[in-house]
Amino acid sequence: MLRNTERSWGAAARLLHWLVAVLVFAQFGLGWAAVVWPLSPTKLDLFVWHKSVGMLVLALMGVRIAWRLANPAPVFPEQMTQLERGAAWVGHVLLYLLLIVLPATGWILNSAAGIPFRIFWLVELPAVVAPDEALADVLKLVHLTLGMALGTLLVAHIGAALRHHFVLRDDVLVRMLTGMRRSG
Ligand code: HEM
Ligand code: HEM
């Protein structure tokens, strides 16, 4: 089923979750590799990949938020306490925010650095601010800090998913993986 049900995630939400997850994991490797690689054509290619995949994540998040607004999430398992529900809600909202703000800072950074760039070597990314070296330096720090915040949040997110599966033994991980309810 494409749409969410009261108890589980539909195929569209699951596809968007796992596609964005794979791309975001790749982004940490690509961003880090692009920064530390010695100056060479490979370094420039790594940057094109990093920025292109980042813009793809931004676009997919637009689709994801629209889909999420049109498709209410499945309800939390009954055993979850108010505190756990609150923590899950805050964590998910922060993930959505960071997945928008982080690529957006990359886009502004790229504009401030005055580097012309084509998404996947095809489409020119329009500049959103004029070249400004001081601004670019600040944004490098902001981009890195937000990246570390996202990394920390993801450790907690994955930890929570594993806790649901192995400790609480509820449906939460299974319904995001298969869209089915846990049996047995
Ligand atoms: C970069 C990696 C990831 C990102 C950005 C991410 C982001 C998100 C977001 C934003 C939600 C909330 C969905 C919503 O309410 O609309 C979510 C849900 C979920 N994520 Fe992830 N996730 C990532 C990786 C993972 C991994 C590796 C796992 C498993 C180990 C996982 C397990 C889950 C589960 C089980 C839910 C559903 C929670 C529920 O049913 O209420 N995620 N994820
Ligand atoms: C989900 C999206 C993104 C994530 C998770 C991400 C993450 C990262 C990380 C971890 C680094 C390495 C930081 C360092 O070692 O200093 C980095 C660097 C960088 N990113 Fe991103 N990024 C994303 C999107 C983007 C986008 C869309 C752009 C541009 C269009 C971009 C442009 C850059 C640039 C120019 C650097 C190098 C900064 C420097 O020289 O210190 N990023 N990114």
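In the predicted model, a salt bridge joins Glu 84 to Arg 163, with the closest N and O atoms 3.0 Å apart. This pair links distant parts of the chain, since Glu 84 belongs to helix α3 and Arg 163 to helix α4, the two residues being 79 residues apart. Both partners are partly exposed, Glu 84 having a relative accessible area of 22% and Arg 163 a relative accessibility of 37%. In general, side chains of opposite charge can pair when their charged atoms come close.

The structure holds 3 salt bridges, and another of them is formed by Glu 78 and Arg 7, whose closest N and O atoms are 3.8 Å apart. Because Glu 78 is located in the loop between α2 and α3, whereas Arg 7 is located in the segment before α1, this pair ties together parts that are 71 residues apart in sequence. Glu 78 counts as exposed, at 63% relative accessibility, while Arg 7 is partly exposed, with a relative accessible area of 32%. A salt bridge is also found between Arg 118 and Glu 124, where the closest N and O atoms are 3.9 Å apart. Arg 118 is partly exposed, with a relative accessible area of 43%, and for Glu 124, likewise partly exposed, the relative accessible area is 43%.

The loop between α2 (41-70) and α3 (82-112) also contains Asn 71. The relative accessible area of Asn 71 is 2%, and this residue is therefore classed as buried, the cut-off being under 20%. When neighbours within four places in sequence are left aside, Asn 71 is in contact with Arg 3 and Asn 4.

His 17 is part of helix α1 (residues 11-36) and His 157 part of helix α4 (residues 133-168), so that the two histidines tie together parts that are 140 residues apart in sequence.

Conventions: Residues numbered from 1 in each chain as written. Chains lettered and ligands numbered in written order. Predicted model: local features only at pLDDT ≥ 70, side-chain atom pairs only at ≥ 80, totals over all residues. Heavy atoms only, no water. Helix = DSSP H or I, 4+ residues; strand = E, 2+ residues; numbered from the N terminus. Buried < 20%, exposed > 50% of the residue type's maximum accessible area, 1.4 Å probe, protein only. Contact = heavy atoms within 4.5 Å. Salt bridge = Lys/Arg side-chain N within 4 Å of Asp/Glu carboxyl O.
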